[in-house]
There are 2 protein chains.
Amino acid sequence: MDKSRPDVVVFPRDTAAVAAIVKLAAEYDLPVVGRGAGTGLSGGAIPRAGGIMIGFARMNRIVDIDIPNERATVEPGVVNLDISAAVAPFGYFYAPDPSSQRACTIGGNVAENAGGPHTLAYGVTTNHILGLEYVLPDGAIHTTSADNPGYDLIGLLTGSEGTMALTTKITVRLMRQPERVKTILAICNQASDAADTVAEITARAITPVAVEMLDGEMLRMVEDATHAGYPKDAAAVLLIELEGLVESVEEQVEQIREACMKCGVREVRVARTAEERDLLWKGRKNAFGAVGRVSPSYYVQDGVVPRTQIAPTLRRIAEVAAKYGLGISNIFHAGDGNMHPIILFNSHVPGELEKARAAGEEILEWCISVGGSITGEHGVGMEKNEMMAHLFSGDSLDCMARLKTLFDPTNRLNPGKVLPTGRGCMEIRQSPLTTANAV
Amino acid sequence: MDKSRPDVVVFPRDTAAVAAIVKLAAEYDLPVVGRGAGTGLSGGAIPRAGGIMIGFARMNRIVDIDIPNERATVEPGVVNLDISAAVAPFGYFYAPDPSSQRACTIGGNVAENAGGPHTLAYGVTTNHILGLEYVLPDGAIHTTSADNPGYDLIGLLTGSEGTMALTTKITVRLMRQPERVKTILAICNQASDAADTVAEITARAITPVAVEMLDGEMLRMVEDATHAGYPKDAAAVLLIELEGLVESVEEQVEQIREACMKCGVREVRVARTAEERDLLWKGRKNAFGAVGRVSPSYYVQDGVVPRTQIAPTLRRIAEVAAKYGLGISNIFHAGDGNMHPIILFNSHVPGELEKARAAGEEILEWCISVGGSITGEHGVGMEKNEMMAHLFSGDSLDCMARLKTLFDPTNRLNPGKVLPTGRGCMEIRQSPLTTANAV
């Protein structure tokens, strides 16, 4: 929903070129914004102050695969899924799996600390980064490794949304492929049955690697688009995935089946082949595309609530939808309370965009009020940077601003992101080139 | 081996008292050093510049246990093992398990980002911290939560060794107790058989939750002290632990047995009862005490090497031992390449302390040379802060120093730790009280 254009777009081929561009930007006092595939959902790659956009499309080499030490080093433009494809012959994979993983790049994943359905078991991007090479706004090239002692710079830079440094090389942890994977579709006549099932699975001490939920509106859009086999008369479906040794996975499938039956689930389907499994996931991972077929515009939210608050949150979202007269369908990572209400609207109808934004903000206020947060995996970007003031005290925001300033003293790296704007060092200064071009 | 005394020791009972003490320290320009149980191995709690020591022994309350959301909030003086004890009735535990876990406190664990035998499966402290309350050197009280967006302050503060803030409340992740635990003792006639077995287990895609190795010298000292049942004629033992569902653990025990047989292991013992299991672990966890019975002084090192470099590193350690004429026994987390050579010496024999330090440094230089690091879990403290210059460029150290200065502009929080001293803001200024007392 946010738009802005850079003055210049460059596609460096290596770290030295990035450093040279950054030095040039320093000389002319220009903003610098990194961009991977531009799939981010919080506007992290939008150059709101103009300046130089560094596209990493040509820095897309897998530099090293080190199987004995279970790691790979890649350039930021490598597509997320391509890492897993490259190491699959060795029996390995890269765990974080954003739904956009066929397109999004690892550099963007690092910037936004991306998650995905399997975050439930494997954590987010920061849990899988073992080393970074990065360029500071003065053009200096640094490296840091998770094996190194001292302050945790990897943790600080991962998720800093391009506001502290430009990442030019990334060492990721590789994980062994599980011996057995089972994917289960649980079909429910009531959304509350699905919520109960999630609670029952937790109570039985089973930890699936993913527990995704789609409500009735969502699954109908998805089914129309991908024919994944989701029954269109259902009120909700759960997509549950188990991984591990053959023996334990088969045992867990039976336990999940029992949990489903106890909670009134209408039908439990277990994918029998890799093709059936892929089809079930295709529905989930292409969900945003499916929405795009139906609604002229949509706004994906990314609130987090404690797992125990999922059912009340679904009710609250329905109330917000009724209040604004907008359709809101739900698809979310049920296992970790990361909700993605999708607000449907038509940006050509005057006032609907504003209504969608207001509905989104109201849902996030609810998330905060029940002890949750305004983003689980999409980042703050320019969508929610002003909302940070609802979560943090002025002192804490000042502390974060000083951290940013330490790396980027003149506020030229991705200005206007993450932190509320207009507070001293966080002021957005438009690129002098944009100003000159406008004359 | 390092010693120093504070001018004043205080035992606050709550966060407000900590803030008041810190403000007083600011007024009189005094260093402030936090201390948990003082079990740290890199001198993190030693007040090398004098000043005020804040002992957290009286801030030892478990504030909240939230089982539905799998977390607990505790004060820094709570003993590590007491958290697991408090949540055990609910079927939960706190994962990071330093060998000192019966004594060490969670505040110290956060400061040093402590690990333990089960780090192999569960990661270090930073992977289990969901929220912090902390006091800055000006007395301001802040909180931060892992659910919150923005820069990762929890990651930055965890492992900062008390140089940035004093932690006053900690929210930890709780994990479900596994359904089945099996502990295996593999007895080897040659140390290389043990190293081969570790490689073979990895090759078979089994991931135990712990793989500990003790060499012959070490296991004899341990056996004399704890009568854990380690055979005193062995050249090495492996202590391997498996966790999970009953079915998968039983299957993995057989696979481990096969791996051991293939690599020439003399005997494989599987603990049959919880008592047998506890006894095996008692040997491992009391190892430092066992060394203390035998040697007048000892120096525990904490190098890390890639898993593939374990065997060459053991050979190198033997060479260093021969060169300096000191006994060096080995106990280490084999699964993650975290070596703990224990250098035996007598501090009353002139020159032996210096020899021990030199031997330790030589081993760490080797670790760096094969792509490893100078500390895995004990922290940098004042033991290795000067060695940081061997791992990092001046630019990177300056970047870390600026981070420290951001939180602690006058360098009064645990001065002389983590970073090399004497570089501008990292200069150690002796407490004015110490100077006054000395007059």
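This is a predicted model: local features need pLDDT of at least 70, side-chain atom pairs count only at pLDDT 80 or more; totals for chains, interfaces and linings use all residues.
## Getting to know this model

Biologist: Does A:K404 count as buried or exposed?
Modeller: Buried means under 20% relative accessible area, exposed over 50%, and partly exposed in between (1.4 Å probe, protein chains only). At 2% relative accessibility, A:K404 counts as buried.

Biologist: Which residue of chain B does A:K404 touch?
Modeller: A contact means heavy atoms within 4.5 Å. Not counting residues up to four places away in sequence, A:K404 touches A:T163, A:M164, A:N411, A:L413 and A:M426, along with B:Y151.

Biologist: How do α14(A) and α14(B) lie, roughly parallel or roughly antiparallel?
Modeller: Helix α14 (residues 394-407) of chain A and helix α14 (residues 394-407) of chain B have axes 10 Å apart and pack at an angle of about 155°. Axes are lines fitted to C-alpha atoms, for helices over the stretch in contact, and angles run from 0 to 180 degrees between N-to-C directions. Angles under 35 degrees count as roughly parallel, over 145 as roughly antiparallel, 65 to 115 as roughly perpendicular and the rest as oblique. That angle therefore makes α14(A) and α14(B) roughly antiparallel.

Biologist: How many charged residues does the contact of α14(A) with α14(B) have?
Modeller: A:C399, A:R402, A:L403, A:L406 and A:F407 meet B:C399, B:R402, B:L403, B:L406 and B:F407. Ala, Val, Leu, Ile, Met, Phe, Trp, Tyr, Cys and Pro count as nonpolar, Asp, Glu, Lys and Arg as charged, and the others, Gly among them, as polar. By class, the contact of α14(A) with α14(B) divides into eight nonpolar, no polar and, for charged residues, two.

Biologist: In the largest nonpolar core, which residues touch the most other members?
Modeller: A nonpolar core is a set of buried Ala, Val, Leu, Ile, Met, Phe, Trp, Tyr and Cys residues joined through side-chain atoms within 4.5 Å. Leaving out residues up to four places away in sequence, A:F407 has contacts that include A:L136, A:M164, B:C399 and B:L403. Of the 83 residues in the largest core, those touching the most other members are A:L403, A:F407, B:L403 and B:F407.

Biologist: Over in chain B, how does α6(B) lie relative to α8(B), oblique or roughly parallel?
Modeller: Helix α6 (residues 191-203) of chain B packs against helix α8 (residues 246-262) of chain B with axes 9 Å apart. Their angle is about 135°, which makes α6(B) to α8(B) oblique.

Biologist: What is the relative accessibility of B:T144?
Modeller: B:T144 is found in strand β8 (residues 141-145) of chain B. Beyond its neighbours within four places in sequence, B:T144 is in contact with B:G131, B:L132, B:Y134, B:L153 and B:I154. B:T144 counts as buried, at a relative accessibility of 9%.

Definitions and conventions:
Residues are numbered from 1 along each chain as its sequence is written. Chains are lettered from A and ligands numbered from 1 in the order in which they are written. Side-chain values use heavy atoms; hydrogens and water are left out. Helices (H or I, at least four residues) and strands (E, at least two) are DSSP runs, numbered from the N terminus.
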